[in-house]
Amino acid sequence: MSNPAYLTITEASKLIAARKLSPVELTEAYLGRIGRLDSQLDSFVTLTAERARTEAKSAEAAVMAGKPLGRLHGIPYCLKDIYDTAGVRTTAMSRLLADNVPTRDARCQEKMAAAGGVLLGKNATWEFAHGGPSWDILFPPARNPWNRDHSPAGSSSGSAAAVAAGFSPATLGSDTGGSIRGPAAACGIAGLKPTYGLVSRRGVIPNCFTHDHAGPLAWTTEDVAILMQVIAGHDPEDPASADVPVPDYAAALTGNVKGLVIGVPVGWLETESPLTPATRAAFDAALEVFRGLGATVRPVTLPSLQQFDDTKKTIAVAELFTIHGKDLRTRPDLFGASLRYRIIAGGLVRAEEYIQAQRLRTDLARAMQAVMATVDLLMLPTSEPAGKLAPVAPSSLFTKVSFMTPFNVGGNPALSVCSGFNQAGLPFSLQIAGRLFDDATVLRAGDAYEKATSWRDRRPSL
Amino acid sequence: MTDTPSQDEIVHLARQAGLDLPDAYLQELVEAYGHVRAMIARLPAGRPHGDEPAHTFVPQKFLPVKE
């Protein structure tokens, strides 16, 4: 057996079911790596080692007793530190929540535990999943395992860094404007922003209610599909939750993308936010892989990135102020400077302006679905490779457009997968977006791409 | 509103929002609000009366949860 810390969920589950790998052994492998190496990455803010050992022993006993095994039986995982965990501190990296110990688990955590998972701990995030990277908040920012001088992006920073580093095979993050896909891209792993409403947000500290998505990150798309099977589904306690059937995501991973029509928003990539030549070359190579697998590629035209960004951020700044207004009025010094800058002006946004932005969202979401009706998938890079980990002007949130935000506005599923490495050894990324509630086709394409390429064979060295 | 408000106007708006900020944070607000104003100014206006916002009230979402 290879290093157990580098096993995928799929591989580890088979070995556990066959009694060739103990959940205790697997958990100790991860705890050992975290203990030895996480001081280089700061990907965890809370480690639940003793709880993990107890859960792993229980999982091992169930295997030996021949009991039915859940989809994640004995599989370690971690959670972004905005998921409520009963009895375990949940801080959102903020001094405002330094002593916050929830009394109830987030819905997703309930499902992960019920599926037999073993909770290793809580991952670093940007403050309240929005302001960062920051050095003036509760914990330091996570680092990129491919190069510790580089950023893992945000806000699910520690989540992506932990998976890439072999500290955990699975984690859950959140994505309001790209916070699952950006870190997945920077760290060379797979991360899915599911269709809005497909995964419950109950018990996940909000960033912006109308654009928040909970979702999985893992080394492979196949593992992301397993995690989606566990966490997707209607939750009447989440007002945005969709009451729709959950398909068999693993069964959708046929490897066959023949006949799929892939749209490329060329105006975004060539005019509005031109790619660097290296990223363009990596993207073209990825499209060539899909052509080789029998898909066709054609250009599509969508509304401008700027319109998507302005709409989302106008809505977000108002909602964020609604969430944090009381603290901004009474103890603004407890916020990190980056988060405070990014939300404080929300108090001055008028109701008319917020609602006009919500009206524009209707137009943009319809435009997105109209284009999606003409293709099976959209593809584009998730982002450029990771930049240096250094303070950035908080105003950058308002001045830079993103390839990820349009799919938060539209609510469409969007997956980031690794699509190679640049000359500095940092990952390139491919973003695959699909029709509403057709997360299965997105996962099918991501899985087919990973299996047709060799990018999953390389791990960062720590 | 598309004109850039003066600092005094921003202080007034901030106080209306319950924000009585120290100078350092007030400068943050002035700068950040400039970016927010620019975003809002780019949003198309003059919409038909009946245009609905993206999030509307869906009463089925508030039916009692079955045990």
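Here are a few friendly questions and answers about chains A and B of this predicted model.

Residues count from 1 along each chain as its sequence is written, with chains lettered from A and ligands numbered from 1 in the order in which they are written. In this predicted model, local features need pLDDT of at least 70 and side-chain atom pairs count only at pLDDT 80 or more, while totals for chains, interfaces and linings use all residues.

Reader: What is the radius of gyration of chain B?

Author: Taken over C-alpha atoms, the globule rule is 2.2 Å times the number of residues to the power 0.38. For a compact globule of 67 residues that would be near 11 Å. The C-alpha atoms of chain B fill a box of roughly 50 × 35 × 15 Å along the principal axes. The radius of gyration of chain B is 19 Å.

Reader: How are H12(A) and H2(B) oriented to each other?

Author: Helix H12 (residues 337-344) of chain A and helix H2 (residues 23-42) of chain B have axes that come within 8 Å and cross at roughly 50°. Angles under 35 degrees count as roughly parallel, over 145 as roughly antiparallel, 65 to 115 as roughly perpendicular and the rest as oblique. H12(A) and H2(B) are therefore oblique.

Reader: How many residues of helix H5 of chain A are buried?

Author: A residue is buried if 20 or more other C-beta atoms, placed from the backbone, lie within 10 Å of its own. Helix H5 (residues 157-164) of chain A is mostly covered, and its buried residues include A:Ser157 and A:Val163. Of its eight residues, the number buried is eight.

Technical notes
Axes are lines fitted to C-alpha atoms, for helices over the stretch in contact, and angles run from 0 to 180 degrees between N-to-C directions. Helices (H or I, at least four residues) and strands (E, at least two) are DSSP runs, numbered from the N terminus. A residue is buried if 20 or more other C-beta atoms lie within 10 Å of its own, exposed if 12 or fewer, and partly exposed in between; C-beta atoms are placed from the backbone.
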